[in-house]
Amino acid sequence: EEDKKLEALRAHKKGLMQKLFPVEGKTVPEWRFSEFRGSGEWKEKKFGDVCPSIASGKSKKSIENGIYPLLGSTGQIGLCDTADYCGELILIARVGANAGQVYQFNGECGVSDNTLIIAVGDTNINQSFLLKWLENYNINKLIFGSGQPLVTSGQLKRIEISVPEIDEQQKISDCLSSADDTITEQVKKIEALKTHKKGLIQGLFPSVEEVGE
């Protein structure tokens with residue numbers, strides 16, 4: 001039941017994104033918040049103009065005890081000795097089964113070479129809005145060939161992106177971030193239920209050691 005609720009929440013967010021971002025070939029979305037209706041078309045830009053810096057990570061996993069998180073294609077994969085990167089970053093899985101997955105990190109960190117780091121270079125772009133735009137865009141469709149799945153910085157820079165004024169970007173970002181928060185809470189609830197169930201089972205059934213006594 002809780003798993004079905006999680007699926008419904010994710011479907012709801014996906015539906016919201018499809019309505020709040022313009023479909024391909026359009027410069028306005030189907031839905032706009034009331035204060036922005038009549039504000040005109042969104043501006044079309046090249047992704048490479050919005051984010052001129054797109055590069056692979058270069059950090060290595062610490063051999064002993066690192067102090068900074070080392071980020072990989074979908075999240076933290078270990079620790080590293082130096083913080084090669086700092087600030088608000090958008091990260092995209094560059095290669096392999098997870099290619100195209102996108103997430104955000106804020107702080108000091110290292111990034112592995114299977115991950116692309118995107119730094120927003122346009123002050124008129126809200127980073128959280130850009131993250132949600134990338135989620136909706138579905139970067140997987142850039143992957144080509146029958147070999148190892150791969151996304152390149154050159155492919156990303158050629159993408160056409162439509163953006164509204166900064167206030168509308170913030171409103172869209174807030175709306176979708178609220179949906180994300182609800183999804184995160186549901187995931188935590190499911191994990192708590194699984195832990196509780198595991199504890200019950202361990203309490204109800206004797207361990208091998210107890211049986212042998």
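## Strand β7 and its partners

S53 stands opposite A119 of strand β7 in this predicted model. S53 falls within strand β2, residues 53-56, which runs antiparallel to β7 and is joined to it by four bridges. Two strands are taken as paired if DSSP finds at least two bridges between them, and the strands themselves are DSSP runs of E with at least two residues, numbered from the N terminus, while helices are runs of H or I with at least four.

Which residue of β7 is the bridge partner of L91? The partner is I117. Strand β5, residues 85-93, is antiparallel to β7 as well, and four bridges connect the two. Strand β7 itself covers residues 115-119 and is mostly covered, with four of its five residues buried. Here buried means under 20% relative accessible area, exposed over 50%, and partly exposed in between, using a 1.4 Å probe and protein chains only.

## Cysteines without disulfides

How many disulfides does the model have? The count is zero, where a disulfide is a pair of cysteine sulfur atoms within 2.5 Å. For C51, the closest cysteine sulfur belongs to C109 and lies 16 Å away, which is too far for a bond. C109 is in no disulfide either: its nearest cysteine sulfur, that of C80, is 7.4 Å away.

Are these two cysteines buried or exposed? C51 counts as buried because its relative accessibility is 0%, and C109 counts as buried at 0% too.

## The whole chain

Now for the wider view. The chain has six helices and eight strands, in the order α-β-α-β-β-β-β-β-β-α-α-β-α-α from the N terminus. Its C-alpha trace spans about 75 × 45 × 35 Å along the principal axes. Of contacts between residues at least 6 apart in sequence, 69% join residues at least 24 apart; a contact means heavy atoms within 4.5 Å.

Buried residues make up 38% of the 213 in the chain. The exposed surface comes to about 12800 Å², with carbon and sulfur atoms supplying 50% of it; such areas come from the Shrake-Rupley method with a 1.4 Å probe. The mean positions of the 26 positive and 30 negative charges are 5 Å apart. Lys and Arg count as positive and Asp and Glu as negative, leaving out His and the chain ends, and each charge is placed at NZ of Lys, CZ of Arg, CG of Asp or CD of Glu.

## How to read the values

Residues are numbered from 1 along each chain as its sequence is written, and side-chain values use heavy atoms, without hydrogens or water. As this is a predicted model, local features need pLDDT of at least 70 and side-chain atom pairs count only at pLDDT 80 or more, while totals for chains, interfaces and linings use all residues.
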